[in-house]
Amino acid sequence: MRPELVAMNDPEKTALTPPAGTGLLRSLVAATMLALVGCGGAYDAVVTGEVRLDGQPITTGAVAFIPAAGGPTAYAQIGANGRYDIHTGKERGLPSGSYGVTVVSREPPATERSKAGGPPPPGKALTPEWYALTQYSPLKAAGKPGKNDIPLELTNQPPAGWTPTRRPR
């Protein structure tokens with residue numbers, strides 16, 4: 001049954017008032033919504049950290065957190081100080097859980113345009129290729145509700161089973 005607003009009988013008042021009993025209904029709806037959403041919201045883990053390659057900070061590039069259980073990937077730009085701050089879309093943070101992590105860093109392009117006048121070719125890779133590939137990146141992280149400082153330590157030592165990929169020309 002759908003509650004409807006009824007007019008008050010006092011001619012001095014022109015407002016409408018809900019029928020008796022709808023206050024309880026509203027309280028139940030509000031409590032249900034709060035239980036479904038939870039207190040932390042969808043992105044309850046704030047993740048920041050520093051990215052290093054063989055002990056040296058990486059000062060450009062991007063980090064991606066790919067959820068192990070599926071869902072949206074969270075990204076961050078690596079700042080000039082080597083630090084990152086993860087966002088899912090435009091929102092800061094990510095859902096708590098387990099993640100595979102990828103990191104890509106490149107030098108700036110050597111030219112402003114390609115020979116054909118299009119966008120410039122990418123600059124030289126600063127991070128080893130396997131860190132850009134989810135299936136080979138050894139980086140894993142667990143985001144917990146609240147603040148998380150997750151340093152990402154990269155090395156030039158390939159992971160077990162790594163075979164360089166060949167790109168067709």
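Me: Buried means under 20% relative accessible area, exposed over 50% and partly exposed in between (1.4 Å probe, protein chains only), so why is Tyr136 called partly exposed?

Reply: This is a predicted model, in which local features need pLDDT of at least 70 and side-chain atom pairs count only at pLDDT 80 or more, while totals for chains, interfaces and linings use all residues. Residues are numbered from 1 along each chain as its sequence is written, and side-chain values use heavy atoms, with hydrogens and water left out. Tyr136 has a relative accessible area of 27%, which falls between 20% and 50% and is therefore partly exposed. Trp162, at 16%, is under 20% and therefore buried.

Me: Why is the aromatic pair of Phe65 and Tyr84 called tilted?

Reply: Rings of Phe, Tyr and Trp (its six-membered ring) pair if their centres lie within 6.5 Å, and planes under 30 degrees apart count as stacked, over 60 as edge-to-face and the rest as tilted. Phe65 and Tyr84 lie 6.1 Å centre to centre with 40° between the planes, so they pair and are tilted. Both Phe65 and Tyr84 are buried.

Me: What makes the pair of Tyr136 and Trp162 edge-to-face?

Reply: The centres of Tyr136 and Trp162 are 5.0 Å apart and their planes stand at 90°, so the pair meets the limit on distance and passes the one for edge-to-face.
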